[in-house]
Amino acid sequence: MSAPTDQIPSLPKSSPFQSFLRNQLRNIAPVFTLLALVFFFSVASTSFFTMVNFMNILSQISITAIIAVGLTYVILTSEIDLSVAAVANAVGITVAYFTLQPDYVNIANLPMPGIIAIVLTLLSALAFGLITAFGVTWIGIPSFIMTLAIMQIANGVSALLVRGQIAYSYPSLITMLGSGSIFGIRWTIIVAILFLLVGHLILRYTRFGRYIYMTGGNREAAEYSGVNVKFIIGSVMVISAMCSGIAGMLAVAYFGSAQQNQFDSYLLDAIAAVVVGGTSLFGGRGGIGNTIIGLLVLGVLNNGLDHIQIDSFLKILIRGIILLTALIINVYAQKLKESE
Amino acid sequence: MMDQPNSGGGLPPLLQLTNVSKSFGGIAALKDVDFTLHAGEIHGLVGENGAGKSTTMKIIAGVYSDYEGEMRVDGKPVHFRSARDALAAGIGMVHQELSTIPDLTVAENVFLGHQPLTKLGTIDWSQINREATRLISSLGLDIDPKTLMGSLPVGLQQLVELSRVLFSGAKTIILDEPTSALSPPEVKRLFDVLRKIKAEGRGIIFISHFLDDVLEISDTVTVFRNGKKVATESAASLTKDAVISHMIGRGSIGMHMGESAELISDDTRPIVLAAEAIGDGKTLHNISLNLRAGEITGVYGFMGCGQVELARALFGKIKLKRGHFILNGAQRNFQSTSAARKVGIAFVPENRRMMLFRTEPVYKNVSIAILGRIHRLLLKPGQERKIAATRAGDLQIRPPNPNMALGSLSGGNQQKVALAKWLTHLPKVLILSEPTRGMDVGAKEDVIRIVKDLRDKGVAILVLSTEPETILTLANRVTVLRKGMVAKEFNSGILFKADLLAAA
């Protein structure tokens, strides 16, 4: 490795280019996928490659993006959070529960002034996160199972609060951020960009972010270096629940209604965005940059399939195949890296 | 009759090695070893770490197939290609790390892999339980075959594993460090069982560091040193001292580097960290230890003596059930490794992988333990690189490039990086587990120099090792551990390697 490589450029074993490819496969593959998809849909449909549609795509992925920020943190520590969509749903319904609903909505709710409703709702998201963190770090339940239980509990909370009804009113701030625009740009897009940006800065430029990468890279080594691994893992679970909660609040305003099961596709989309983007399922590699690419790949795919003549039932299958391909590349990239 | 088994014409020996040699990458690990095991014999095998015991056993058990020389089983030449071959030829092994499955019953463990079936092709449970009961009681044990393996004490689990090897039809049984985790009554029970097995005409190879145990149970004892067999004598004619002098070389006591050392300790130096009667409820029992500023305390013991656990207890990784620590005069217990780090305790574990991030650059490996001191809010990678470069210079890490992925450094340099992460802000206490194991001579000397330098700067250092040389080279005081307890302490005077071996 230490030999000067420019002296012997013809060695096929590890030329600088191959070594670069090997290191960057997890970053390159998603970008190429994105470019290929954009190219394909631009050629296949005249309505795809337009500014209006571009803003559409951003708007469509904005809610997923907020969830995916928290999930990126979780996956970087090599844990998983399967409760994100259910928590988003429960928290979205909670904010409606604390808001005065129109007469025709038959829900026994608890109306509060807007700001108090929002604070209480944020506390409910925090509570979900803290319970998950407690179960995973203190009790020692694997996050896969723990968040499955939280998923069910959050679904239960949703069910109890709306009892099969649909709520339509939210605090004015939530209505504005969820469904309003400024200078023609939807607030959800701005909020999502803000989350991605702050999420990225924390991961790359703070000690906490470094500890997340190190914990995911080698948990034992982090612990033997005096990193409080339990605190780090507990924190990312709380961050994930808060991101999901905020996404859920904005989403009910974005959808225009709060009801049970309206987030069903968001769990898979958020996980897919993180993984398709190239963040390692084994932790320690990747980041928000990868997640942004992953979000765009999914966004372009979902949107583009609407622009071409295709069986709408086939779309589900295509998304599954894209996800499987991303998983294969993800694991393969990890093996390449380890075999170095 | 027992002492000189089968020297007459009768049966050929169970196992015979003639001129067996084995090398790894050009370095000889075994040289012209002869070894004979007779039916009805317990043959003790002793030697220091790396003397060739395990290599010999791995050849016998079929793990290594590329060796020179001849092996005969029951007088017939054999050359095993795999452990399966060895098993088929009647050679079974019980490893120090038991391979039983705790969540299965005793009977299921005994028949693991070859359960008898009924005519319908389902497992014949009644036969399994009946046979297991018979097998276990034939060893003079009283264990219900339906109890879960995990609920038995280690000593009984080991005997169940032994009965599994017996059931598989093994005539030659290799026991690797069978007594290292056993209490005295458990050792006695094991020996009773071994005598029964011997009386059935099987042969036992008994590998152990515990010389008292070896001399008590064996008929014959073979000593290895530096890949050669140096002696095979009847146990009755041997003493512990005689065995030790075979192990480390006759007449060489005190002659070579690392064979002896003068302990220079100073009781006026302040005690930085003291352990008072600590225990973890499992491995460690009633251990007391004082670490003084500017001194290196060596902890010596055989593998499994509790060193690994002791180091982790001191660093807050293993929680204490009994006793407590006293840090600078105040009683403390650490709830986490980060709590231990914050009060100035540093730890380098025995295995590099445990504390290094292979795919990350060197500078991130160095800075991980001191990030809190480098910056308040934002990371300063430039400064991290600068610190790492300085450390790389101090410790002569090659190549001295802080941006290189750690995994591309050599083993010795990786070990230095593991040390480097604690050296920017000197810890009060530095715990080093096996600091020089597996290193080449040059890297070893570098590490020894670094550790001594830190001692001279006033750090209280604890060095834990299974290698007497490491302890003798570094220590100002020595504590010898044996089965999780303090066996002996040496604070002054000339300490010989033989003293360490005899005490452990």
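Reply: A term to start with: a salt bridge is a side-chain nitrogen of Lys or Arg within 4 Å of a carboxyl oxygen of Asp or Glu. Lys188(B) makes one with Asp192(B), where the closest N and O atoms are 3.6 Å apart. This is a predicted model, in which local features need pLDDT of at least 70 and side-chain atom pairs count only at pLDDT 80 or more, while totals for chains, interfaces and linings use all residues. Residues are numbered from 1 along each chain as its sequence is written, chains are lettered from A and ligands numbered from 1 in the order in which they are written, and side-chain values use heavy atoms, with hydrogens and water left out.

Me: Where do Lys188(B) and Asp192(B) lie?

Reply: Both belong to helix α6 of chain B (residues 184–199), four residues apart, which is about one turn of the helix; helices here are DSSP runs of H or I with at least four residues, strands are runs of E with at least two, and both are numbered from the N terminus.

Me: And is Lys188(B) buried or exposed?

Reply: Lys188(B) is exposed, with a relative accessible area of 54%, whereas Asp192(B) is partly exposed at 34%. The cut-offs are under 20% for buried, over 50% for exposed and partly exposed in between, using a 1.4 Å probe and protein chains only.

Me: What about Arg455(B), which residue does its side chain meet in a salt bridge?

Reply: Its partner is Asp456(B), at 3.2 Å from N to O. Arg455(B) is buried, with a relative accessible area of 16%, while Asp456(B) is exposed, with 57%.

Me: Switching topic, how many residues of chain B are in contact with chain A?

Reply: Counting contact as heavy atoms within 4.5 Å, 34 residues of chain B are in contact with 24 residues of chain A. The area buried between the two chains is about 2400 Å², with carbon and sulfur atoms giving 55% of that; buried area is the accessible area (1.4 Å probe) that two parts lose on being put together, summed over both.

Me: Which salt bridges cross over there?

Reply: The rule finds three across the interface of chain B and chain A. Arg285(A) forms a salt bridge with Glu360(B), their closest N and O atoms being 3.9 Å apart, and Arg285(A), Glu360(B) and Lys364(B) are linked in a network of salt bridges.

Me: Fine, now Ser465(B): where is it found?

Reply: Ser465(B) is in strand β19 (residues 460–465) of chain B, and at 0% relative accessibility it counts as buried. Its side chain makes a polar contact of 3.0 Å with the side chain of Glu434(B), and also reaches the backbone nitrogen of Glu467(B) at 2.9 Å. A polar contact is a pair of N or O atoms within 3.5 Å; within protein, one must be able to donate a hydrogen and the other to accept it, and residues adjacent in sequence count only if both atoms are side-chain atoms.
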